[in-house]
Amino acid sequence: MSTEAGVAARELERVIEHLPLVDHHVHGAASVPLDRTRFETLITESDRPIPSFMTQFDSQIGFAIRRWCSPVLGLPPHADPDDYLARRAELGTAEVNRRLLAAAGIGRWLIETGYRGDDVLGPERMAEVSGRPADEIVRIEKVMEEVASSGTTAADFPSGSAPRSRRVRPRRWG
């Protein structure tokens with residue numbers, strides 16, 4: 001590689017390293033204290049109950065939580081699930097959210113609010129808690145479900161979905 005190309009590549013790498021990350025599809029952080037059952041159902045989007053013979057802590061997401069989130073809460077990596085949940089309870093929801101959201105290194109959140117909206121923070125609260133901008137993603141599936149359940153006919157489906165898909169105020173990115 002020529003010297004000029006090498007300099008350009010190093011400059012590009014430096015710029016990329018300093019770009020703020022955008023989480024393009026996140027659900028809000030927990031808004032309430034979570035017992036084990038509620039925590040485990042919240043870390044998966046499955047609509048099926050967790051079988052009694054297993055735990056979500058033994059899944060890939062469970063391993064990742066124990067590896068990366070435990071130290072942020074003052075525990076060793078791969079902490080025991082009971083210790084992890086006890087520490088969350090000890091710190092409280094607000095402190096857990098503050099620590100985990102800060103450690104994520106995200107520059108902007110794009111919050112999908114169609115999943116368990118009562119259990120998680122919406123865009124305004126996520127922005128407040130994390131100190132980073134947050135906007136809402138409107139899931140087209142959710143809009144279509146709302147339109148279909150309203151009794152709209154197939155012929156009126158396009159016009160019935162337009163107002164619902166525009167319910168979020170557009171924001172300028174700055």
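# Notebook: pocket, rings and core

I began with the largest pocket, which holds about 880 Å³ of space. I am working from a predicted model, so every entry here describes that prediction.

**Entry 1, the pocket.** I asked which residues lie nearest the centre of the largest pocket. They are Val-26, His-27, Ile-43, Ile-65 and Cys-69, out of 30 residues that line it. I then checked where the lining comes from. Two or more residues come from each of strand 1 (21–26), helix 2 (36–42), helix 3 (60–72), helix 4 (81–91), helix 5 (93–104) and strand 2 (106–112). Helix 3 gives the largest share of this lining, with 6 residues. I also sorted the lining by class and got 23 nonpolar, 4 polar and 3 charged residues.

How many aromatic pairs does the model hold? My count came to 3. I looked at the pair Phe-57 and Tyr-84 in detail: the ring centres are 6.4 Å apart and the planes meet at 70 degrees, and since over 60 degrees counts as edge-to-face, this pair is edge-to-face. The pair links distant parts of the chain, with Phe-57 in the loop between helix 2 and helix 3 and Tyr-84 in helix 4, 27 residues apart. Are Phe-57 and Tyr-84 buried or exposed? Both are buried.

I looked for a charged group placed over an aromatic ring and found Arg-67. The charged end of Arg-67 sits over the ring of Trp-68, 3.9 Å from the ring centre.

I checked the backbone here. Most residues other than glycine have a negative phi. His-78 has a positive phi, near 65 degrees, and is not a glycine. I found His-78 in the loop between helix 3 and helix 4. His-78 counts as partly exposed because its relative accessibility, 47%, falls between the 20% and 50% limits.

I compared two loop residues with the burial limit in mind. Val-32 sits in the loop between strand 1 and helix 2. Thr-44 sits in the loop between helix 2 and helix 3. Which side of the limit does Thr-44 fall on, buried or exposed? Thr-44 has 19% relative accessibility, and buried means under 20%, so Thr-44 counts as buried. Val-32 has 26% and therefore counts as partly exposed. I then took C-alpha distances for each. Val-32 and Tyr-84 are 52 residues apart in sequence and 16 Å apart in space. Thr-44 and Gly-62 are 18 residues apart along the chain, with 9.7 Å between their C-alpha atoms.

Asp-156 is in the loop between helix 7 (140–149) and helix 8 (157–165), while Phe-157 is in helix 8. Asp-156 is partly exposed, with a relative accessible area of 41%. Phe-157, at 24% relative accessibility, also counts as partly exposed. How far apart in space are Asp-156 and Ile-16? I got 46 Å from C-alpha to C-alpha, for residues 140 apart in sequence. For Phe-157 and Val-147, 10 residues apart along the chain, the C-alpha atoms are separated by 7.1 Å.

Technical notes. Residues numbered from 1 in each chain as written. Predicted model: local features only at pLDDT ≥ 70, side-chain atom pairs only at ≥ 80, totals over all residues. Heavy atoms only, no water. 1 Å grid on protein atoms, 1.4 Å probe; cavity = no way out; pocket = protein on both sides within 12 Å on 5 of 7 lines; lining within 4 Å. Points joined across faces, edges and corners; volume = space filled by probe spheres on them. Helix = DSSP H or I, 4+ residues; strand = E, 2+ residues; numbered from the N terminus. Nonpolar A, V, L, I, M, F, W, Y, C, P; charged D, E, K, R; others polar. Phe/Tyr/Trp six-rings, centres within 6.5 Å; stacked < 30°, edge-to-face > 60°. Buried < 20%, exposed > 50% of the residue type's maximum accessible area, 1.4 Å probe, protein only. Lys NZ or Arg CZ within 6 Å of the ring centre and 35° of its normal.
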